[in-house]
Amino acid sequence: VEVFRSNDDGKAWVGTWDGVTGDLRDYKTTDTLMDLDTWHQITLHAVPSPTGGALATVEVWIDGTSVYSTTTANLGATTHLTLVQIGAEYVSMGSSV
């Protein structure tokens, strides 16, 4: 699951990836503008299936407002998450976390 600001329109986007194949499953734009040079609070809940099934609950809030929610995110067949990354995915993008 990734949350990022689009440089095209300044809006926050949420992307979900297939936990098994690594393929992109879904990108959704939000109506939330994220101005540059401004701090924002992002809360991400990614809750795997308690039974080890592939479908998971994913919820995203930005500055206290719910912007995304699904119960059908495919994080792979797992009962726990093993990796979290904060900041830019690519070194050339930089980050300020």
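Trainee: How do β5 and β6 pair, and over how many bridges?
Mentor: They run antiparallel, with 7 bridges between β5 and β6. Two strands pair if DSSP finds at least two bridges between them.

Trainee: Which residue in β6 is the bridge partner of Ala-56?
Mentor: Ala-73 is the partner.

Trainee: What sits between the strands of that hairpin?
Mentor: The hairpin of β5 and β6 has 2 residues between its strands, and Asp-63 takes a positive phi near 50° there.

Trainee: Before we go on, what kind of model is this?
Mentor: It is a predicted model: local features need pLDDT of at least 70, side-chain atom pairs count only at pLDDT 80 or more, and totals for chains, interfaces and linings use all residues. Residues are numbered from 1 along each chain as its sequence is written, and side-chain values use heavy atoms, with hydrogens and water left out.

Trainee: How many helices and strands are in the chain?
Mentor: The chain has 0 helices and 6 strands. Its pattern along the sequence is β-β-β-β-β-β. Helices (H or I, at least four residues) and strands (E, at least two) are DSSP runs, numbered from the N terminus.

Trainee: What share of the chain is buried?
Mentor: 26% of the 97 residues count as buried. Buried means under 20% relative accessible area, exposed over 50%, and partly exposed in between (1.4 Å probe, protein chains only).

Trainee: Which residues make up the largest nonpolar core?
Mentor: There are 9 residues: Ala-12, Val-14, Met-34, Val-58, Val-60, Ile-62, Val-67, Tyr-68 and Ala-73. At least two residues of this core come from each of β2 (11-17), β5 (55-62) and β6 (65-74). A nonpolar core is a set of buried Ala, Val, Leu, Ile, Met, Phe, Trp, Tyr and Cys residues joined through side-chain atoms within 4.5 Å.

Trainee: And what does Val-60 touch?
Mentor: Not counting residues up to four places away in sequence, Val-60 touches Val-3, Val-14, Ile-42, Thr-43, Leu-44, Thr-65, Ser-66, Val-67 and Tyr-68. Contact means heavy atoms within 4.5 Å.

Trainee: Switching to Thr-30. Where is its place?
Mentor: Thr-30 is in strand β3 (residues 24-33). Its relative accessible area is 4%, so Thr-30 is buried.

Trainee: What does its side chain reach?
Mentor: The side chain of Thr-30 reaches the backbone nitrogen of Thr-32 at 3.2 Å. A polar atom of that side chain also lies 2.8 Å from the backbone oxygen of Ala-12. Leaving aside neighbours within four places in sequence, Thr-30 is in contact with Lys-11, Ala-12, Val-14 and Val-67.

Trainee: Now Asp-9. Where does that one lie?
Mentor: Asp-9 lies in the loop between β1 (2-5) and β2. Asp-9 counts as partly exposed because its relative accessibility is 35%.

Trainee: Which side chain does it make a polar contact with?
Mentor: Asp-9 makes one with the side chain of Ser-6, at 3.4 Å. A polar contact is a pair of N or O atoms within 3.5 Å; within protein, one must be able to donate a hydrogen and the other to accept it, and residues adjacent in sequence count only if both atoms are side-chain atoms. The side chain of Asp-9 also reaches the backbone nitrogen of Lys-11 at 2.9 Å.
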